[in-house]
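Subject: Structure handover

Hello,

Here is the structure I said I would pass on. My notes on it come after the model.

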Amino acid sequence: MSTIRPQEAVERALSLSRADDCVVIADEASTANLRWAGNTLTTNGVTRSSRLTVIALRNTADGVAAGVVSRSAVDADGIEELVRAAEADAAGNEAAEDARPLVAEGPPGGAAGWDDEPAETGIGVFEGFAPALGEAFAAAQAGDRRLYGFANHVLTSTFLGSSAGLRLRHDQPTGLLELNAKGAGGSAWAGVGTRDFTDVDVPALTGDLTRRLEWGERRVELPAGRYETILPPSAVADLMIYLYWSAGAQDAQDGRTVFSAPGGGTRVGERLADLPVTLSSDPAAPGMQCAPFVIAHASSRESSVFDNGLALGATDWIREGTLASLAQTRHSAERTGLPLTPAVDNLAMRGPDGGASLEEMVARTERGLLLTCLWYIREVDPQSLLLTGLTRDGVYLVEDGEVVGAVNNFRFNESPVDLLSRIAEVGETGPTLPREWSDYFTRAAMPAIRVPDFHMSTVSQAT
């Protein structure tokens, strides 16, 4: 194949375009991974991939039609075919309702490094992590425990260009670790998101897993019902991310979601939580840095290819308990009359200053449940955002400030929006990994929360 640098692919596609306007996105990614089972490293490797997306725009009598075609591993000789395919797609489409003039200027410094080679990861990213993992294997073996899991690191360089003169680049590192321990006390899980694995504390993670397995050596059976429950940051992240994904302005304006106001419009400005909790995103958040401009490979009800390159900023979605913003395109912002607040690829939740640690929250619990994580989360009712799912890898009974044993798993039924109004305590915020959504969303910082009446709808036989 005739290879081509991603920046050159963008320029060539733009020069070959016969469309009225054109946007081109080139993504170059490399991935390094480690996997282990039963205290033994099983596989490791590095892969590379590339994707080229061409967005052809055609002026029509009543607007602008868009054609979008995206392909992997496009060589130099395949670019023209891809461009013509996008133009053919545009020729068959009607005018797009989200059509707006192309963005001509991105965020300051957005073109920095345009001519440099794409960033790459490799096995070397695990240089400090791997020895600590080896020591954890030895300790687990000596303690009759077994460790399973994987570490993954992806580095993606994105190059965005348009016929309006826009040239932007972003390098995104995305790492995660999932670690599972098994022993006489059942199974326990821990996970973290990271940019480069230099901040991963393996001894602290495995120490917590060992403690949880010790808790699990005593079993207690409990029936379904409503329990005072402490949700750790990972579980909170899974629920709040689903809330965030459901907070599109266009769907809310059209009466389709929990954020739709009775009688029309949205619930922006309505108080959702009694406690002053804030749910926010910021592309510059330390440790969670993400693209500072819109990268849209396709249009949807929450994103628009016409907004590619639009600068992103810090946004409060819920501010001190009140719904402040919904995810907007320029099209939906004009429809709703609300400020333009596009989605950002990270999420943080914070409560009042001085939140307690998870350990302090447990110590103040007279009787309740302590969860580890949630999984198999599915939507039941979009109008209330009612979700169902299961607990996993450790549900523990707390009595008089002490964990006294592990209980059976449950299926839960809860709406994260309704949950906000019932939170009794918000702990300190820290980086966390959502267990359920880690394939799609890793940049999160959340607190533990205390809910006085979390709904465990049925007992689950999952172990």
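This is a predicted model: local features need pLDDT of at least 70, side-chain atom pairs count only at pLDDT 80 or more; totals for chains, interfaces and linings use all residues.

Overall shape

The chain contains nine helices and 18 strands. Its radius of gyration is 24 Å, close to the 23 Å that the globule rule gives for 463 residues, so the chain is as compact as a globular protein of that length.

Domain 1 puts 41 residues into the contact, and domain 2 puts in 35 residues.

The size of an interface is often given as the accessible area lost when the parts come together. Here domain 1 and domain 2 bury about 3000 Å² between them, with 61% of it on carbon and sulfur atoms. Of the area that domain 1 buries against domain 2, 24% is supplied by Asp98, Arg100 and Trp189, more than by any other three residues.

Between the two domains there are 16 residue pairs in polar contact, both residues being at pLDDT 80 or more. On the side of domain 1 that touches domain 2, the elements giving two or more residues are β1 (21–37), β2 (40–60), β3 (63–72), β4 (146–162), β5 (167–183) and β6 (186–194). The largest share comes from β5, with ten residues. By residue class, that side of domain 1 divides into 22 nonpolar, ten polar and nine charged residues.

Salt bridges

Side chains of opposite charge can pair when their charged atoms come close. The count comes to 33 salt bridges, and between domain 1 and domain 2 the count is two. Arg100, already named for its share of the buried area, forms a salt bridge with Glu334, and the closest N and O atoms of this pair are 2.8 Å apart.

Another salt bridge joins the side chains of Asp393 and Arg435, at 2.9 Å from N to O. Asp393 lies in strand β14 (residues 386–399) and Arg435 in the loop between β17 (425–432) and β18 (444–460), so the pair ties together parts that are 42 residues apart in sequence.

Ser457

Ser457 is placed in strand β18. Which residues does Ser457 contact, leaving aside its neighbours within four places in sequence? They are Ala224, Arg411, Phe412 and Asn413. With Asn413 there is also a polar contact between the side chains, at 2.9 Å.

Regards

Conventions. Residues are numbered from 1 along each chain as its sequence is written. Side-chain values use heavy atoms; hydrogens and water are left out. Contact means heavy atoms within 4.5 Å. Buried area is the accessible area (1.4 Å probe) that two parts lose on being put together, summed over both. A salt bridge is a side-chain nitrogen of Lys or Arg within 4 Å of a carboxyl oxygen of Asp or Glu. A polar contact is a pair of N or O atoms within 3.5 Å; within protein, one must be able to donate a hydrogen and the other to accept it, and residues adjacent in sequence count only if both atoms are side-chain atoms. Helices (H or I, at least four residues) and strands (E, at least two) are DSSP runs, numbered from the N terminus. Ala, Val, Leu, Ile, Met, Phe, Trp, Tyr, Cys and Pro count as nonpolar, Asp, Glu, Lys and Arg as charged, and the others, Gly among them, as polar. The radius of gyration is taken over C-alpha atoms; the globule rule is 2.2 Å times the number of residues to the power 0.38.
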